[in-house]
Amino acid sequence: MMEYVPGIPLLRPYIDLDNQGFWEGVKQHKLVFQKCQDCGLFVHRPRPMCPRCLSTEKEWVSSEGRGKVYSWVNFVYANAAYPGIKVPYPVVVVEMVEGVRMISNLYDVNPEDVYIGMPVEVVFDDIADDLTLPKFKRSEA
Ligand SMILES: [Zn+2]
C-alpha cells in the first residue's frame with residue numbers, strides 16, 4: 001500500500017483536450033482508452049492523432065481493466081523518489097489486454113513481490129477530493 005506524506009502536495013495531472021476523457025473516466029472509476037475509429041488501434045497516452053494511420057477520428061472505449069506487469073522499478077531511496085510518497089513503493093509499466101502500456105502504481109502489493117508478467121487489474125485510489133488515480137492490484141489470471 002502506498003503511503004503519502006501529509007503536508008506535501010501531490011502533483012495533479014495536467015488535463016488538456018486530448019486526455020480530458022481519460023481523466024473524466026478515472027474520476028468515475030472507469031478506465032477508458034482512445035481507440036482510432038479508422039484503423040481500430042488502441043492508443044495510450046491520449047494524443048490528437050493515431051500513430052499508425054494518422055487519423056484524427058477517435059473515441060473513448062472502456063478497458064477490460066486487466067493486464068500484466070511489463071516492467072517495474074522499486075523506489076527505495078527517499079531522495080530519489082517523489083517527496084510526497086513514502087518509500088519503498090513500486091512504479092510499474094502495465095501492458096493492458098488492449099495492447100497499450102501505462103505507467104502506474106500497485107495497490108496492496110509488497111515491492112518485493114512484483115515480477116514481470118504478474119497479472120493485474122485496475123483499481124481506483126481516491127487520494128483527495130480532486131485526485132483519483134488508476135492503480136493496479138494483483139489478479140488471479
Ligand atoms: Zn488509426
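## Zinc site

At 4% relative accessibility, Cys50 counts as buried, the term meaning under 20% relative accessible area, with exposed over 50% and partly exposed in between (1.4 Å probe, protein chains only). Cys53 is partly exposed at 33%. Both cysteines, together with Cys36 and Cys39, supply SG donors to the zinc ion at 2.3 to 2.4 Å; donors are N, O and S atoms within 2.8 Å of the metal (3.2 Å for Na, K and Ca).

The donors follow the spacing C-x2-C-x10-C-x2-C along the chain. Angles of 101 to 116 degrees among the four donor atoms make the site tetrahedral, a label that requires all angles to lie between 85 and 135 degrees.

## Basis of the model

The model is predicted: local features need pLDDT of at least 70 and side-chain atom pairs pLDDT 80 or more, whereas totals for chains, interfaces and linings use all residues. Residues are numbered from 1 along each chain as its sequence is written, and side-chain values use heavy atoms, without hydrogens or water.

## Asp125

Asp125 is buried, with a relative accessible area of 13%. Its side chain makes a polar contact with that of Lys135 at 2.8 Å, a polar contact being a pair of N or O atoms within 3.5 Å, one able to donate a hydrogen and the other to accept it within protein, where residues adjacent in sequence count only if both atoms are side-chain atoms.

Notes
Four donors count as tetrahedral if all angles lie between 85 and 135 degrees; four count as square planar and six as octahedral if opposite donors are over 155 degrees apart and all others between 65 and 115; anything else is irregular.
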